[in-house]
Amino acid sequence: MAPRALTICCDIVRWIPVVFITAIIVWSYYAYVVQMCFFTVESIAEKVIYLLIYHPILVLFLWSYGKTIFAPIGAVPRQFYLSKSDADKMSRETVEGQKAILVNVAKDLPVLNRTQSGSPRYCEKCHCVKPDRCHHCSVCGQCVLKMDHHCPWVNNCVGFSNYKFFVLFLGYGLLYCFYVAATSLQYFILFWKSGVSKDMGHFHILFLFFVAVMFGISLISLFGYHCYLTACNRSTLESFRAPIFQSGPDKNGFSLGKFNNFTEVFGVDKKLWFIPVFTSETDGVSFPTRNNLQANSNNSYQTMGETPAPSAGDGISYPTRTIDLDSDGLLADRQRWMEEGGESDGGV
C-alpha cells in the first residue's frame, strides 16, 4: 500500500510544473485581454488589431503545448522484446554469451546502433533490443523511441511522437512572449513613469511585461538550440554522446542535409509544417543514415555511367579504438548511467 501511495504522490508532484505554466498563461490572458485591451487601450482600432493577432498566436501556443503533454510515448514494438527464455538466459550468461543472444535476436531487426563493445543495445529493465536512437527513461519507466529528453515542464518524454510539437511549443511560446511584451511596452513605460498607483490594473500590466520578457529571454536559447538539433538531425542525448555504428561513433550519422533533416521531423507537406499535427515520414524505429544516402547517390551515378565524386575521408584509414571487453561489457558503467538514470535528469 505504501509504494502505491508514494507513486500517486510522485505523479501529483510531476504535474506541478504543468499547472504552474498553465496558471501563468491563464493569468496572462486576463491581464492582456481584460486589463490592457478592454480597460487600458482607448483606441477601438488598436484593441481590435491587438486581439485579432493575439488569439491565433495563443491558440497555436496552447495547441502545441497540449499535444506535447498528451502525446503518447513512442513505445518499442513487440518484435524488439526478448522472449522469456532469452531474457532468463541473459541474466545467467557471460558477456560473450549475452552478445551471442542479442546478435541472434537482432539479426532480423532494423538495428544499426551498437554499444562500445559492438553488441546490439539492450535494455535490462524492459528486456528488449533497443531500436536506433531509442533510450530508457527512468522517470517514465520504459524505453522511448528517438528519445530527446524527459521534460518536467510538460510531464512527458520528448521523443519521436511529440518532438515536432515540442519545437513548435517553444517557437510559439517565444512568439507569444515577444508579442505581449512589444504591445504592452508603451503602457508599461506610461505606468512606470506615473509612479505608484492604487489601480490594480496597472500592476497587472507592469507585471505582464516583466513576465513576458523574462520567459521570452529564457526561451530564445532553448528554441535556438532545438532548431540547431533539428537542422543537424540529432537529439539532445546524441549531442552529448554520439551514436555508435558498426564503423564507430558518428555524431552526424543520421544527418541527411539540413532540408532533409527538417522534413524528417516536420514532414514534406509545407502546409502542415507549423501546425501541431503529426507529420513525420519515419516510423520511429528505423532511420535513414548518411552512409545510406551516400550509397544511394553512388548507385545513381553508376546507373548513369558517371563516377561519383569522392567523399570526405575516401582512401583514409582512421585509427580504431581497442576496447577491453572485461571492463566494457554490454553496458559499461558510463553507459548504464546514460541509459538508465542520466537521460531522465533535468532538461526542458
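Modeller: A crossing of two helices is called left-handed if the near helix is turned anticlockwise from the far one by less than a right angle, and right-handed if the turn is clockwise. In this predicted model, the crossing of helix 6 and helix 7 is left-handed. Helix 6 covers residues 163–194, and helix 7 covers residues 200–232. Two packed helices are described by the angle between their axes and the distance between the axes. For helix 6 and helix 7, the angle is about 150 degrees and the axes are 6 Å apart. Angles over 145 degrees count as roughly antiparallel, so helix 6 is roughly antiparallel to helix 7. The residues of this contact divide into 27 nonpolar, seven polar and no charged.

Helix 6 also packs against helix 3, which spans residues 44–70. Here the axes come within 8 Å and cross at roughly 155 degrees. Helix 3 is therefore roughly antiparallel to helix 6. Helix 3 passes helix 6 in a left-handed crossing. In the contact of helix 3 with helix 6, 19 residues are nonpolar, five are polar and two are charged.

An unreviewed UniProt entry places the feature "transmembrane region" at residues 12–32, 44–65, 165–191 and 203–225. In the model, the span 44–65 is 100% helix and 0% strand, with its end C-alpha atoms 31 Å apart. Residues 12–32 are 95% helix and 0% strand, and their end C-alpha atoms lie 30 Å apart.

Next come the spaces. The second largest pocket holds about 410 Å³ of space. Its lining has 21 residues, and the closest to the pocket centre are Ile 21, Phe 61, Cys 177, Phe 215 and Leu 219. Helix 2 (16–38), helix 6 and helix 7 are the elements that each give two or more residues to this lining. Helix 7 provides the largest share, seven residues. By class, the pocket lining consists of 18 nonpolar, three polar and no charged residues.

The structure holds four cavities of 30 Å³ or more, and the second largest cavity has a volume of about 100 Å³. At least two residues of its lining come from helix 6, and at least two from helix 9 (258–266). The residues that line this cavity are Lys 146, Phe 160, Ser 161, Tyr 163, Lys 164, Glu 264, Val 265, Phe 278, Thr 279, Ser 280, Thr 282 and Phe 287. They divide into five nonpolar, four polar and three charged.

Helix 6 gives two or more residues to the pocket lining and at least two to the cavity lining.

Methods
Residues are numbered from 1 along each chain as its sequence is written. This is a predicted model: local features need pLDDT of at least 70, side-chain atom pairs count only at pLDDT 80 or more; totals for chains, interfaces and linings use all residues. Side-chain values use heavy atoms; hydrogens and water are left out. On a 1 Å grid over the protein atoms alone, a cavity is a set of points where a 1.4 Å probe fits but cannot get out, and a pocket is an open set with protein on both sides within 12 Å along at least five of seven lines; lining residues have an atom within 4 Å of a point. Grid points are joined across faces, edges and corners, and a volume is the space filled by probe spheres set on the points. Helices (H or I, at least four residues) and strands (E, at least two) are DSSP runs, numbered from the N terminus. Ala, Val, Leu, Ile, Met, Phe, Trp, Tyr, Cys and Pro count as nonpolar, Asp, Glu, Lys and Arg as charged, and the others, Gly among them, as polar. UniProt positions are given in the numbering used here, feature names are shortened, and annotations may be inferred rather than shown by experiment. Axes are lines fitted to C-alpha atoms, for helices over the stretch in contact, and angles run from 0 to 180 degrees between N-to-C directions. Angles under 35 degrees count as roughly parallel, over 145 as roughly antiparallel, 65 to 115 as roughly perpendicular and the rest as oblique.
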